[in-house]
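Please brief me on the fold in this model.

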Amino acid sequence: MTSTDTVTQCATCGVEHAEPLPQVCAICADERQYVPAGGQRWTRPEESASRGASIEFTEREVDVINLVHRNCPGIGQKPALIRTDHGNVLVEVPNHINDEAVAAVRGWGGISAIIASHPHMYGVQSLWSAAFDDAPVYVSAPDEQCLGLRPRNTVVWGGGHGGAEIELVPGVRASQPGGHFPGSAVVHWTAPDGRGVLFTGDTIGSVADPGWVTFMRSFPNWMPLSGAVVRRIAEHVSRYDFDRIYSNFGGCVPHGARAAVQRSADRYAKWVDGEYDHLT
Ligand SMILES: [Zn+2]
């Protein structure tokens with residue numbers, strides 16, 4: 001059974017908090033998000049349950065399962081369970097949990113490590129960790145202060161801005177290009193087809209054209225990053241061999257993603273650096 005009696009959630013972003021609650025959710029009050037016009041509200045997993053909250057599972061590709069929560073607060077993430085012979089990794093965290101979902105994930109081999117790419121994606125990570133024998137929850141050091149609730153088995157890692165890299169389970173690595181948040185992380189895994197896959201959260205966002213990507217300080221408020229930071233992100237992820245990208249909201253670059261990142265970073269940096277101002 002999963003205990004939900006110690007968790008309060010922001011009713012907008014869905015991120016878990018402990019008592020005493022702040023006046024306003026720090027994640028939503030930040031310039032990257034927003035507090036809704038009606039003001040701050042809080043909720044609890046059992047309220048979501050009473051409204052019929054559920055988690056749906058879809059196979060994204062062999063050994064990648066998306067967990068999509070329904071009827072609960074949140075900003076639309078599509079967490080992914082990466083399955084490996086050495087343990088499974090949950091990348092991004094649903095804002096809900098129930099016994100059916102736990103049983104389903106157990107059937108796929110459980111969870112050995114949990115990592116949110118950045119604080120908007122913390123979800124109810126303490127509850128997911130507790131349901132899987134206190135699986136370690138990896139939190140980027142520069143963003144640690146964003147935790148509204150500290151999971152029992154929190155592993156603080158890295159210094160952001162491209163410094164650190166860790167192995168979550170053998171064959172699944174994470175590093176911190178930064179950008180969207182100072183500690184924004186990406187996760188790299190080599191799929192059974194031998195091709196690399198990069199889970200980019202909001203560090204690298206997919207766009208309508210699958211040959212391109214973008215980079216933002218804030219997606220809801222359309223705030224850009226500088227050309228220097230975008231070039232740094234592209235340089236950082238060039239260490240990895242990857243063909244596909246899965247970004248935060250179910251977006252995907254299905255082929256040639258490594259080249260798409262480099263091409264897109266170059267275009268973006270030229271725009272924000274003023275090279276094309278004559279076109280505006
Ligand atoms: Zn919030």
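The briefing below goes from the whole chain to single residues.

This is a predicted model, in which local features need pLDDT of at least 70, side-chain atom pairs count only at pLDDT 80 or more, and totals for chains, interfaces and linings use all residues. Residues are numbered from 1 along each chain as its sequence is written. The protein chain has six helices and 18 strands. Helices (H or I, at least four residues) and strands (E, at least two) are DSSP runs, numbered from the N terminus.

**Overall build**

- The radius of gyration, taken over C-alpha atoms, is 18 Å for the protein chain.
- The C-alpha trace spans about 55 × 45 × 30 Å along its principal axes.
- Of the 280 residues, 44% count as buried. A residue is buried if 20 or more other C-beta atoms lie within 10 Å of its own, exposed if 12 or fewer, and partly exposed in between; C-beta atoms are placed from the backbone.
- Among contacts with a separation of 6 or more, 55% come from residues 24 or more positions apart. Two residues are in contact if their C-beta atoms, placed from the backbone, lie within 7 Å.

**Sheets and strand pairs**

- An open sheet of seven strands runs in the order S4-S5-S6-S7-S8-S9-S10, with mixed pairing. Strands S4 (54-61) and S10 (154-157) are at the edges with a single partner strand each, so one side of each has no neighbour in the sheet. The twist averages 25 degrees from one strand to the next. Two strands pair if DSSP finds at least two bridges between them.
- S9 (residues 137-140) and S10 run parallel and are joined by four bridges. Val137 stands opposite Thr154 in S10.
- A second open sheet has three strands in the order S2-S1-S3, with antiparallel pairing. Its edge strands are S2 and S3 (42-43), each pairing on one side only.
- S1 (residues 8-10) pairs with S2 over two bridges in the antiparallel sense. Gln9 has Glu16 of S2 as its bridge partner.
- S11 (residues 165-169) and S12 run antiparallel, with four bridges between them. Glu165 is bridged to Ser175 in S12. Two residues lie between these strands in their hairpin, where Gly171 takes a positive phi near 95 degrees.
- S12 also pairs with S13 over four bridges, in the antiparallel sense. There, Arg173 has His188 of S13 as its bridge partner.

**Core and helix packing**

- The largest nonpolar core has 67 residues. Such a core is a set of buried Ala, Val, Leu, Ile, Met, Phe, Trp, Tyr and Cys residues joined through C-beta atoms within 7 Å.
- The residues with the most contacts inside this core are Val89, Ile114, Ile115, Trp128, Tyr138, Val187 and Leu198.
- Val187 touches Val89, Val91, Ile115, Val172, Ala174 and Phe199, not counting residues up to four places away in sequence.
- Helix H5 (residues 227-237) has Val229, Val230, Ile233, Ala234, His236 and Val237 as its buried residues. They cover an arc of only 160 degrees around the axis, which puts them on the same side of H5. The arc is that of the directions from the helix axis to the C-beta atoms.
- The cover over the buried residues of H5 includes S12 (172-175), S13 (186-190), S14 (196-201) and helix H6 (257-272).

**Backbone spots to check**

- Most residues other than glycine have a negative phi, and most peptide bonds are trans.
- Glu19 and Pro20 are joined by a cis peptide bond, with omega about -5 degrees. Pro20 is in the loop between S2 (16-17) and helix H1 (26-29).
- Asp133 is not a glycine, yet has a positive phi of about 55 degrees. Asp133 lies in the loop between H4 (125-131) and S9. Asp133 is exposed, with 10 other C-beta atoms within 10 Å.
- Asp134 also has a positive phi of about 55 degrees. Asp134 is in the loop between H4 and S9, and is exposed, with 12 other C-beta atoms within 10 Å.

**Arg70**

- Arg70 sits in strand S5 (residues 64-70) and is partly exposed, with 14 other C-beta atoms within 10 Å.
- Leaving aside neighbours within four places in sequence, Arg70 contacts Ala53, Ser54 and Glu56.
- The C-alpha atoms of Arg70 and His96 are separated by 8.5 Å, with the two residues 26 apart along the chain.

Terms used. Axes are lines fitted to C-alpha atoms, for helices over the stretch in contact, and angles run from 0 to 180 degrees between N-to-C directions. The radius of gyration is taken over C-alpha atoms; the globule rule is 2.2 Å times the number of residues to the power 0.38.
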